[in-house]
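The following exercises concern a single protein chain. Please work through each task before reading its solution.

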Amino acid sequence: MSYALSRPSTTQRSSLLGIVIAAHVGIVLLILAAKTIAPQIMEMPLIVDLLPPPPIEKPPEAKPLPVAAPVPVKPQPRPQPQPKTPQPVLETTQSSAPAENAPTAPPVVEAPPPPPAPAAVTQARFDADYLRNPPPPYPPLSRRMGEEGKVILRVQVTPQGSASEVEIRTSSGSPRLDEAAQKTVRNWKFIPAKQGDTAVQSWVLVPIIFKLEQ
């Protein structure tokens, strides 16, 4: 199947030709307008206005102060010299004698504080039951001979409660009884004397009685 192209009519040809011509005319006018405007822009001169500098204010000039007229000074009259009156002349003498010493007050001596009261002392003891001190044995010869008596011993007790020295203060009259009492008391235990809470060494008298049973 084939298509046949139809030729445009005369009216269509004239209208297309008018459009083409109008387009060319518009392009030519644009080109001419651009050529005429460009030179005008380039040929405009550059005008720069120079502004005058701001005026500099001058500082105010200091006005001189008015000078006061000098006040005339009146001359003062000079004092007239007065006649001198004669003054008595006193003769001074220096004494070489030393001045008497002024009495000085004796220094105040404060009394020393009283010493603290000593702590109470408790005597040593030997008669406490828990000490369990045995009595001295009766010598057999003294028993057969019927010897009796009372011996008083002077014992030095140490802070540890032992006897360091045992002396005969009063004899019983029998050397055998005295010796038996001495030997036994040397091995006794004592409650030491105390001064306050401190155990101290002391002396104590220990009486021993020897008596035969009937």
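**Exercise 1. Which residue in β5 is the bridge partner of Lys-194?**

Solution. The model is predicted; local features need pLDDT of at least 70, side-chain atom pairs count only at pLDDT 80 or more, and totals for chains, interfaces and linings use all residues. Residues are numbered from 1 along each chain as its sequence is written, and side-chain values use heavy atoms, with hydrogens and water left out.

Step 1. Helices (H or I, at least four residues) and strands (E, at least two) are DSSP runs, numbered from the N terminus. Strand β4 covers residues 193-195, and β5 covers 198-200.

Step 2. β4 and β5 run antiparallel and are joined by three bridges; strands pair if DSSP finds at least two bridges between them.

Step 3. The partner of Lys-194 in β5 is Ala-199.

Step 4. The open sheet has three strands in the order β1-β4-β5, with antiparallel pairing. β1 and β5 each have a single partner strand and stand at the edges, so one side of each lacks a neighbour in the sheet.

**Exercise 2. Determine where the model should not be read in detail.**

Solution. Step 1. pLDDT is the predictor's confidence in each residue, from 0 to 100. Its mean over the chain is 75, and 62% of the residues reach 70 or more.

Step 1. Residues 38-43 have pLDDT below 50, and this stretch has one contact (heavy atoms within 4.5 Å) beyond near neighbours in sequence.

Step 2. Where pLDDT is low, predicted coordinates should not be read in detail.

**Exercise 3. Describe the surroundings of Asn-133.**

Solution. Step 1. Asn-133 belongs to the loop between β1 (121-122) and α2 (140-145).

Step 1. Leaving aside residues up to four places away in sequence, Asn-133 touches Phe-126, Trp-188 and Lys-189.

Step 2. A polar atom of the Asn-133 side chain lies 3.1 Å from the backbone oxygen of Phe-126. The backbone nitrogen of Lys-189 is 3.0 Å from a polar atom of that side chain.

**Exercise 4. Characterise the aromatic pairs Tyr-138 with Phe-210 and Trp-188 with Phe-190.**

Solution. Step 1. Rings of Phe, Tyr and Trp (its six-membered ring) pair if their centres lie within 6.5 Å; planes under 30 degrees apart count as stacked, over 60 as edge-to-face and the rest as tilted. The structure holds three such pairs.

Step 1. Tyr-138 and Phe-210 are edge-to-face, at 5.6 Å centre to centre with 90° between the planes. Because Tyr-138 lies in the loop between β1 and α2 and Phe-210 in strand β6, the pair ties together parts 72 residues apart in sequence.

Step 2. Trp-188 and Phe-190 form a tilted pair, with 6.5 Å between centres and 50° between planes. Together with Phe-126 they make up one aromatic cluster.

Step 3. Buried means under 20% relative accessible area, exposed over 50%, and partly exposed in between (1.4 Å probe, protein chains only). Tyr-138 and Phe-210 are both buried, as are Trp-188 and Phe-190.

**Exercise 5. Identify what covers the buried residues of α3.**

Solution. Step 1. Helix α3 spans residues 175-185; its buried residues include Leu-177, Ala-181 and Val-185.

Step 1. The cover includes α2, β2 (149-157), β3 (163-170) and β6 (202-210).

Step 2. For the whole chain, 18% of the 214 residues count as buried.

Methods: A polar contact is a pair of N or O atoms within 3.5 Å; within protein, one must be able to donate a hydrogen and the other to accept it, and residues adjacent in sequence count only if both atoms are side-chain atoms.
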